[in-house]
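Trainee: I'd like to go through this model with you before I set anything up. Could you take me through it piece by piece?

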Amino acid sequence: MQFAAYLNLSAPPLHDHRHPSIMEAKSQYQHFIPRFVLRYFAPDQAKGTGTQQKPKRQPKKKKKKKPKSTSALAAGSSTPADQDVRDATEKLEAVTLGGTGNGKEVGKGNSTGEGSSAKPQQTSSRSGNSQGRDDYDDPKNPLIKFYNLETGVLEQARVARAYGHQDMYRDLNASDVNHIENKLSVLENDAARVVKRIKDVQKSGAATVDLTRIQLNDLRKFLFVMKYRNNKFWKKYSCTTMDEYTEVDKTHVQAFMKLRGFTKPAEVWLHTMKVILDTPVDSRGVWQQSVRENGFLHDAMWYIYHMTESYLSFCQPTNPGDEFIITENGFGVNEGPTMYTYGIDPRTNLPTVNSGSYTEYHKFAPLSPKLLLVLRSNFLRKGNEALLRAMRARPEVSDTPSLFENLQLDAAIPSYDARGYVMGFEMKDDHVFSFTIQKISTSYTDLFNAVMLEEARASITWSSDRAMQNTLKAYLTNPKFPPDPAFFLELKREAKQRLLGILDGSAPKVSPLLQGNLVERVESNIAQKPELEVYFLLGGKPSEVVADMARATQLSHQRTQSADRSPKGPQYLATRNAGSRRDMLDYSKQPSRIVYLHIKSWRVNANVNAKKSYNPFVSLQSELHTLMDPGPEDLIGKLAKFIDEKYRSQMMLEASMKVFFRNINRGNSRAAQIWAGREESDSMMLQCEHDLFGQWGGISTSCTKTQLYRRPCF
């Protein structure tokens, strides 16, 4: 539906003097990824040459001139009126103009604005004119490759109708309903000129490119606005009522709405975007106070942080065959560890994120297949190692390093002496910064693409099939991005694997995803997997396996966090034992089918950590093939009809722990046999197992107080 429907606002009467321009304002397809960036991803644009020729126009029959109608004038309000547009307007009803620039693309208007966030709208061909066909090169509106993750179909889309929504920024409370889009176009034009300058320097082979502080701030501001205006935030704020708004900042949004007299969350978003666009970034920093005072404070502070707490770099692949890709949220991706607290929604029985914190080590945006803009946190700047350690020592911050921590990204060299800054040096808008377009290896090019692929939920676009095939294969086999079964559907992992098959020719181009419901297909496939036989014996169902895997993953997170919080050292052994007993008793209360899946996941991770002591190259990816290997939990599961549910989880946890530690100690016992003899080594192994179980909580205290559990049984 249109943005107006999301806002639940109705247009005023046609003769309402308060809104004189609403009659004239045409519905617009508005992009959340700018067209000037998408054009660079057209295959011929990326190569710098075009192979298709625009067909010659067929001569038109002369006809009498007609007086300009009001409808034609209205159509010309968003695109300069020319003969082609007037002809198309007369011949086709319900036609809207493609965008707000000077292009001549004409496409069918989407009256509802529904569909996937990045689903392309097909352009219509004009009667008696080949300009609307998809078999010619139009440099302003070229074809791009568009892989739809919802359907698994590889399509071609015109730039004018890809990666956008109908009336995305339409503000029906303003006299000019398209005032946000008009302001965005100004910023986009400024950024486009800077990017073209960088591309020209890159094409010339020069080592550096010089940018003024104003140009630098335009790029920073442009990157933030692209992130703030993307599909995610549009969906976040496009609620008809506050009851539908479920974000963690709900109380703050409500307070701001009351302060400003707003009735819809979308008004907060549009207002703050207007404040950011209207406030020039001056070198003295006055803009920061203005944004804080006038915009929604949470988003305003995020914008200020974006503009001040990082430095800009540009990257290009070293290998000529490597390329960057772009996705529906390609301008909204940040890299850094995320920490969550989890819960279970009682209505859906699915896992939910109660709260979380994340670290923005890198924010990046592909500007073309050969150029990536990167904002790197100042914590990773040379000389800030002590600040980085202090930041990571805070309890709410993960100490996990950045994926790109070892990638050298040099900051720009300013035209002024940096030492003067300490002595009260005044920043000026005309200061110049010299940037090196830094070449990066194939592995880092693939890693940047992998972050975008991991976050992609709707669509992917690229230029070269060969480069896409290589980088997609690198992502799907990268141990840093394992295929988590609990989020397999959410991550669209199946569709991404299918794309690799399309590119290498092993998958049909007609997608099976179109045939039936995806979830039903996955459930049907799950029901036939022999590896889940025991899970089903424990009461699991195909329709519940995804949710159960998510809950099992949640248990693993809780178990890891509990271990991290436990005090280290032999003097705290009693404290660790007490905590372990509490944890095991809590886990034993979980349904046995979930504990069964949790044990499988836990054992793989535990084996990886154990093997790292003698094999530093072992990884989770290399051990995933052992995920469903049989263990003692399978024996207990196969006896499910003889064992009461309340004992199954307890028995599976204890049996799996016992076997795991016995396997760990088996190697030690073999070494002991060489110098102590078999009898002595067996005694040492039993004692070691007993000690380890004591640290875990001990068999006699972790479960029921039956005779079986009152003493160690080896």
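Mentor: Let us begin with a term: two strands pair if DSSP finds at least two bridges between them. Helices (H or I, at least four residues) and strands (E, at least two) are DSSP runs, numbered from the N terminus. With that in hand, strand E4 (residues 143–148) and E5 pair in the antiparallel sense over six bridges, and Tyr-147 stands opposite Leu-154 in E5.

Trainee: Before we go on, what kind of model is this?

Mentor: This is a predicted model, in which local features need pLDDT of at least 70 and side-chain atom pairs count only at pLDDT 80 or more, while totals for chains, interfaces and linings use all residues. Residues are numbered from 1 along each chain as its sequence is written, and side-chain values use heavy atoms, with hydrogens and water left out.

Trainee: OK, which sheet do E4 and E5 belong to, and what is the strand order?

Mentor: They belong to an open sheet of four strands, ordered E5-E4-E17-E9 with antiparallel pairing. Strand E5 (153–158) and strand E9 (326–327) stand at the edges with a single partner strand each, so one side of each is left without a neighbour in the sheet.

Trainee: Switching to helices: how many residues of H7 are buried?

Mentor: Of the 16 residues of H7, 14 are buried, so this helix is largely enclosed by the rest of the structure. Helix H7 covers residues 213–228, and its end C-alpha atoms are 22 Å apart, in agreement with the 22 Å it should span at 1.5 Å a residue; the expected span is 1.5 Å times one less than the number of residues.

Trainee: What about salt bridges, how many are there?

Mentor: The structure holds 18, where a salt bridge is a side-chain nitrogen of Lys or Arg within 4 Å of a carboxyl oxygen of Asp or Glu. One of them joins the side chains of Asp-278 and Lys-274 (2.7 Å, N to O), and because these two are four residues apart in helix H10 (residues 265–278), they are separated by about one helical turn. Asp-278 is partly exposed at 35% relative accessible area, and Lys-274 is also partly exposed, at 32%.

Trainee: Which parts does the pair Arg-593 and Glu-544 tie together?

Mentor: The side chains of Arg-593 and Glu-544 meet in a salt bridge (3.8 Å, N to O). Arg-593 lies in helix H21 (residues 592–611) and Glu-544 in the loop between helix H18 (533–537) and helix H19 (545–565), so the pair ties together parts that are 49 residues apart in sequence. Arg-593 counts as buried at 16% relative accessibility, while Glu-544 is partly exposed at 26%.

Trainee: Last one: where does Thr-359 lie?

Mentor: Thr-359 lies in the loop between strand E12 (351–358) and strand E13 (362–368), and at 14% relative accessibility it counts as buried. Pro-337 is 22 residues away from Thr-359 in sequence but 5.8 Å away in space, C-alpha to C-alpha.

Definitions and conventions:
Buried < 20%, exposed > 50% of the residue type's maximum accessible area, 1.4 Å probe, protein only.
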